[in-house]
Amino acid sequence: MSPLELRDAETPYEILSAEEVGRIKVLRQRYPQSRSAILPALWILQRKEGILTADGMREVARAMDLPPGPVEAVASFYSMYFFKPHGRYVVEMCTNISCLLMGSKKVLDQFQEQLGCAVGGTTADGMATLLEVECLGACGAAPAAQINHRFVENLNAEKVDQVVTDMKTDKLDLHQLPTGTEVSAHRELVDLANPGANRVPLPAGGAAGSVVDLVKGAANLIPGGEHPADRGYTEAAGAPASEASG
Ligand code: FES
C-alpha cells in the first residue's frame, strides 16, 4: 500500500461511491501502466457529476493512487471533459477537412442561428452548448456532428433545423442516434459515390467493450442509460441537489 493510500485510507470518499472507486481500481489493472486508466476514470467522474470538479479529480487521483497533478493535466488536455456547466445537449460540430469540404461551415452557421448562441456558448435557457471540434472519425458521412456523443451525419441546413426543433420540443431521441461503436461497426466499405448509403444494422446491444462497461457501470448498460449531459446542468441551476455528494 502506498503512502498516498495510507494517508487517505480512513477518509471516506465524498463524491465517488465505493462501487465507482472499485471500478477505477479494476481499470488500473487493465493497462501495463496503471496511469493509462486516468481517462476512463475521469469518465466515471464526469458521468457522476456532469463536470470535473477539483474535489472530484482529487478523488480520482486518490483512487488511482496518484497525486492530483497528473490527473488534472490529463483532464485539461482533452476537450471532451467539462470543467464548467454545459447545456443539456452538447453539440460538437466537426469542421475538420472532410467536413469542411462537405459544407460544415454552413452547417455550423445554421446551428448558431437556430440555437441562438455562438460556438463555445450555451443557449440562454441551458438547452444546448455548441462546440467546434476536430475530426470525429465520421468522415465518410461528412459533415458530421455529435450530440451527447451520438452521431448525426450527412448534415445540411434542413437537418439542423429538424434537430434543433426536436431539441426545443423535447422530441430528440438520443438513443435513436448511433454511438461511435455503432458507427464504426459497418461491415462494408463506404461507397464513395454514395457516402452513407451502405450502413448496416447493428447487432442488438451493440458491442460495448469491457472498458466501456467499467466506465458506465452495469446499472447504466441499459437502453436509455443516462448521459451526464442529460442531467440538466445549467449555468443558472448548477448541479442537481441529489448529486451534490457521492
Ligand atoms: S473530418 Fe469531420 S468527421 Fe472526419
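Helix α2 (residues 18-28) and helix α4 have axes that come within 9 Å and cross at roughly 50 degrees. This description rests on a predicted model. Helix α4 (residues 54-64) also meets helix α5 (residues 68-77), with axes that come within 8 Å and cross at roughly 120 degrees. The two helix pairs are set out below.

**Helices α2 and α4**

- With axes crossing at roughly 50 degrees, α2 is therefore oblique to α4.
- The handedness of the crossing between α2 and α4 is right-handed.
- On the α2 side, the contact is made by Val21, Ile24, Lys25 and Arg28.
- On the α4 side, Val60, Ala63 and Met64 make the contact with α2.
- By class, the residues in the contact of α2 with α4 comprise 5 nonpolar and 2 charged, with no polar residues.

**Helices α4 and α5**

- The axes of α4 and α5 cross at roughly 120 degrees, and α4 is therefore oblique to α5.
- The crossing of α4 and α5 is right-handed.
- Helix α4 contributes Met57, Arg58, Val60, Ala61 and Met64 to the contact with α5.
- Helix α5 contributes Pro68, Val71, Glu72 and Ala75 to the contact with α4.
- The contact of α4 with α5 has 7 nonpolar residues and 2 charged ones, and no polar residues.

**Residues of α4 that take part in both contacts**

- Val60 of α4 belongs to the contact with α2 and also to the contact with α5.
- Met64 of α4 likewise takes part in the contact with α2 and in the contact with α5.

Definitions and conventions. Residues are numbered from 1 along each chain as its sequence is written. This is a predicted model: local features need pLDDT of at least 70, side-chain atom pairs count only at pLDDT 80 or more; totals for chains, interfaces and linings use all residues. Axes are lines fitted to C-alpha atoms, for helices over the stretch in contact, and angles run from 0 to 180 degrees between N-to-C directions. Helices (H or I, at least four residues) and strands (E, at least two) are DSSP runs, numbered from the N terminus. Angles under 35 degrees count as roughly parallel, over 145 as roughly antiparallel, 65 to 115 as roughly perpendicular and the rest as oblique. A crossing is left-handed if the near helix is turned anticlockwise from the far one by less than a right angle, and right-handed if clockwise. Two residues are in contact if their C-beta atoms, placed from the backbone, lie within 7 Å. Ala, Val, Leu, Ile, Met, Phe, Trp, Tyr, Cys and Pro count as nonpolar, Asp, Glu, Lys and Arg as charged, and the others, Gly among them, as polar.
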